Amino acid sequence: NSGLSQILKNVGLSYQPTTVVQVMDTPLGGAINPASTPISDFSVSNPITKPFGKGEFVLMRLPSYLEKSATLPAGITVDEFLKTDSKALAYSDAGFEGKSLPGPFTVGDVVKGNYDFDSNTDKKTIAFQMVVFSDVDFLSNQLLYKNLNRDLALNSVASLVKEENIIRISPNDVDVTKLTLTPTQFYIFIF
């Protein structure tokens with residue numbers, strides 16, 4: 001429970017307390033990856049994910065999903081810019097038991113509009129923009145540098161501060177692969 005359910009309700013969203021998993025095809029049939037869920041359906045019109053291409057993905061650790069209200073409050077728009085593919089399933093039980101809901105599921109939304117704010121002295125309307133994710137683990141040390149996670153985080157911040165000109169895909173760091181061979185292995189490797 002994030003404590004944000006009332007704020008989300010006021011802007012036309014609800015957080016669904018489920019566990020979204022990806023079903024992978026294996027030689028033995030379908031299998032669930034219990035460690036992480038790849039998110040690969042990106043909005044091509046949203047500036048945050050516009051640079052992301054086909055075959056790329058964001059890695060989340062068993063996210064929940066966000067649901068947009070059938071009728072949004074006046075002046076509010078919701079862009080569902082980050083979704084799972086249709087092979088995803090949502091379980092209400094963390095042990096993946098019982099009935100599941102079929103995907104796709106929205107795990108990232110951009111909400112824009114006007115918010116009516118009542119203070120003790122008067123009522124004000126504030127223009128706002130927010131980026132909502134149903135998972136925070138994609139920003140953890142373990143997942144931040146996996147696939148497009150860092151780019152998603154940086155592009156989201158750039159969008160929020162209205163610096164769309166710096167939204168991009170970061171260059172990959174060059175990794176050094178160390179290969180340790182015995183003299184016999186080296187001889188076989190060369191020839």
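The legends below describe close-up views of a predicted protein model.

**Figure 1. Overview of the predicted model.** The protein has 191 residues, of which 34% count as buried. Its secondary structure comes to three helices and 12 strands. The accessible surface of the protein is about 12,200 Å², and carbon and sulfur atoms account for 55% of this area. Among contacts between residues at least 6 apart in sequence, 63% join residues that are at least 24 apart.

**Figure 2. The largest nonpolar core, with Val58, Met60, Phe81, Leu82 and Leu152.** This core has 14 residues, and the five named in the title have the most contacts inside it. The elements that give two or more residues to the core are β6, β8 (residues 77-83) and β11. A second, separate core consists of nine residues, including Leu13, Ile76, Phe128 and Val132.

**Figure 3. The surroundings of Leu82.** Neighbours within four places in sequence are left aside in this view. The residues in contact with Leu82 include Met60 and Leu152, both of which are also among the residues with the most contacts inside the largest core. Further contacts of Leu82 include Ile39, Asp41, Phe42 and Thr49, as well as Phe105, Thr106, Val107, Gly108 and Phe133.

**Figure 4. Asn149, a buried residue in helix α2.** Asn149 is found in helix α2, which spans residues 149-160. Asn149 counts as buried because its relative accessibility is 0%, and the cut-off for buried is under 20%. A polar atom of the Asn149 side chain lies 3.4 Å from the backbone oxygen of Phe138. Apart from neighbours within four places in sequence, Asn149 is in contact with Val58, Leu59, Phe138, Leu143 and Leu144.

**Figure 5. Asp137 in the loop between β12 and α2.** Asp137 is placed in the loop that lies between β12 and α2. With a relative accessibility of 27%, Asp137 counts as partly exposed. Not counting residues up to four places away in sequence, Asp137 touches Arg61 and Leu143. Although Asp137 and Pro63 are 74 residues apart along the chain, their C-alpha atoms are separated by 8.4 Å.

Figure 6. Leu62 has a phi near 45 degrees, a positive value in a residue other than glycine. Leu62 lies in the loop between β6 (residues 58-60) and β7 (residues 65-68), and its relative accessible area of 25% makes it partly exposed. Asn147 is likewise not a glycine, and its phi is positive at about 50 degrees. Asn147 is found in the loop between β12 (residues 123-133) and α2. With a relative accessible area of 43%, Asn147 is partly exposed.

**Figure 7. The cis peptide bond between Gly103 and Pro104.** Gly103 and Pro104 are joined by a cis peptide bond, with an omega of about 10 degrees. Pro104 has its place in the loop between β10 (residues 100-102) and β11 (residues 106-118).

**Figure 8. A nonpolar surface patch formed by Val157, Leu160 and Val161.** Together these three residues have about 250 Å² of accessible area. Leu160 is found in helix α2.

Definitions and conventions
Residues numbered from 1 in each chain as written. Predicted model: local features only at pLDDT ≥ 70, side-chain atom pairs only at ≥ 80, totals over all residues. Heavy atoms only, no water. Patch = residues over 30% accessible without salt bridge, like charges linked within 9 Å, V, L, I, M, F, W, Y side chains within 5 Å. Areas by Shrake-Rupley, 256 points an atom, 1.4 Å probe, with all protein chains shown as cover. Salt bridge = Lys/Arg side-chain N within 4 Å of Asp/Glu carboxyl O. Helix = DSSP H or I, 4+ residues; strand = E, 2+ residues; numbered from the N terminus. Buried < 20%, exposed > 50% of the residue type's maximum accessible area, 1.4 Å probe, protein only. Polar contact = N/O pair within 3.5 Å; in protein donor to acceptor, adjacent residues only side chain to side chain. Contact = heavy atoms within 4.5 Å. Core = buried A, V, L, I, M, F, W, Y, C linked by side-chain atoms within 4.5 Å.
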